[in-house]
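Work through the exercises below with the model in view, and try each task before you read its solution.

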Amino acid sequence: MRHLLVKDLRILRRSPLLVGLLVVYPLVVALLIGFALTRGPEKPRVALANEVPATASTINLGGEEIDIGDYAQRLFASVEPVEVDTREEAVELVRSGDVLGALVIPEDATRRLQEAVNLGSVGGDPPQVEVIVNTQGPLQGTFVDSLIQTQLLQANTALSERATQAAAEYLDILLSGGSFTLLGQSIDILGLQRSVQVLEGVRQSLPEDDPQREAIEQVQNFAQLAVDNLDFSDEILSTINSPVQVETTRLEAGTATLDDFTIAVAVSVSLMFVCLLLAAGMLALEREENAFGRLVRGLVSRLGVVVEKLGLAALCGGAVGAIMLVGLAVFLDLDFARAPAWLAALALASLAFGALGVLVGALARDVRAASLLAFLLSLPLAFLALVPPGAVTGVVGTVIEVVSAVFPFAPTLEAVQAAIAGDALLAPLVHLAILLVAFTALARLALTRFGASG
Amino acid sequence: MTASATATQAPAIAARAVSRRFGDRQALREVTFEALPGELVAIIGPNGAGKTTLLSILGGLQKPSGGEVSRSPREVGWVPQQTAIYAKLTVRENLALFARLEKVDDPAGAVGRALELTGLHERADDVLSELSGGNRQRVNIAVGLLADPPVLLLDEPSSALDPRQRERLWTFITGLVEGGRTTVLWSTHDVGEAERHADRVLVLADGELLFTGSPQALHAEVGGTERDFEAAFVRFLHERGH
């Protein structure tokens, strides 16, 4: 047994490629999973268009001046803000992809917020900020949207605390009496406790027919104010809950939903496995059966072999994808009118995956090696393509984007999703066509390198 | 050699100064020879002599670094050492597939003739994986003959066969050359087999063609005193520095 172990270790030592794969593959997968699960998103770039004039950036809450700019800064604790002057500039940056999203604080934000928290201005709309995202897919849109919404929620919570304090002060005035400022005028409030005392004094000291008009008027005013304030309570609570409203604008976004995305993932993964494994396995089988040399000795060209294998894989993969989509369409109410777009996406995606599979098959000596290689290649590629753009930035983010772009999974996902949702399909189809040509050429080259010995 | 093969006939296939280099290694050094119609030619030599390389070039699987071959690959039947047919297809399906790929005029007729030739009519609908090694090799050879090529190249055709299968294989191959229609060149390590079946042997060593002639001539080349052809072959190589 010891001798067997020594023999196997010796063989492994003499197989640097295998050992390298055994070490590198789990490391790469572990790193990818680690990035996704444990590493918080790095700060994505978000444009800020604060259109509130510098002279009107404060509101009064319970007699205290609050600078809204301080709260805006809290929004950007988790993003890298790119300050711009206007909404149009922000939109342009989002469109160009320089920033992942934008936040627009409109000119009247502080006025509306002040009105919303003022008892005397009930009835106005709360301030509304605008979140602008340029989504390439619902996952990315959800990521950007939720990131900014989370930050807004935190800012809203901070404002709510201040509004709650102000409301408590108003309630204290209603209870104990005092004064508050409304529209520049100081108003004295008797307060419920004192009004009870006044009423009691009036009741005991005055004859029943002696009108003490002034005291009665005070009581009447207070009563009226109390009634009015009770009417305000809903709005006050609303203001405290959510002082700032958010409107999300999606630029050039598709109409794909998360359901569409989920279906696209399922179809793309199936296509990938069917096409890669089939194309790689069938080409490797030609070599394993020693028939490749016989075929390319004038019966079929090497390019002909490549085209036949990727065509077979595409046919089978496309059929599997079509069956899946039809099945899902029955349950999930997909629009059958888009079937031609489905077929176009499935066809090019299958061909691109098939071409990659043929390349894998050309690099492997036998079916088992080809299948293993195809499988090992598939999982990280799919995983990388599912990382939302912008979720990881810096060098790692760039590497993920490049790797996703040079393999067919990401464009397949985009194409199938667009086909299901009825979005623009041309760009992902062109992307897939380019990959098809590139991988076909590489596969042909690989077959030349390995010659006809198989 | 059959009676029809004479020195005045046009060669069935000829190699002229064929060379092949793999990086720094010279696998073939200006090999020149001719094979006549109906001739059985054995290519023998030690390991690494260039036997398979020469056959590969004659069959069009590799391009020579220098020199030329008189026939195009489409005119030459090629039978690799390992069976190059599909294990999950039946005998008939394999033959039909390659007949169509060869673009023969009558694929069904070619398949019928191949089945006749191999004596595998009864096994025509068996999948290859169910056949013995000898029968698989017969199908393998039959595929090489589908287009009725004037020259058939076999790379160590009997290396994986037991003696009985080898004997049946040679009955089959010698049947091919009868009448002078087909010329057969084969590479082998088994010099005894070459002595028994070859009209002529080509002795290769280190890519160089050292001898071409009948087995008897090779025997005579080393004095004719060796106990058998194999001993004469080893002595010949030794005398030539190999």
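**Exercise 1: the sheet in chain A**

In chain A, five strands make up an open sheet with mixed pairing, in the order 4-1-5-6-9. Strands here are DSSP runs (E, at least two residues), as helices are (H or I, at least four), numbered from the N terminus, and two strands pair if DSSP finds at least two bridges between them. This is a predicted model, in which local features need pLDDT of at least 70 and side-chain atom pairs count only at pLDDT 80 or more, while totals for chains, interfaces and linings use all residues. Residues are numbered from 1 along each chain as its sequence is written, and chains are lettered from A and ligands numbered from 1 in the order in which they are written.

Task: find which strands of chain A stand at the edges.

Solution: strand 4 (80–84) and strand 9 (245–250) of chain A each have a single partner strand, so one side of each is left without a neighbour in the sheet.

**Exercise 2: one strand pair**

Task: state in which sense strand 5 and strand 6 of chain A pair, and find the bridge partner of G101(A).

Solution: begin with strand 5 (residues 101–105) and strand 6 (residues 128–133) of chain A, which pair in the antiparallel sense over four bridges. Then look in strand 6 of chain A, where V133(A) is the bridge partner of G101(A).

**Exercise 3: confidence**

Task: find the average pLDDT, the predictor's confidence in each residue from 0 to 100, for chain B.

Solution: the average for chain B is 87, and 97% of its residues score at least 70.
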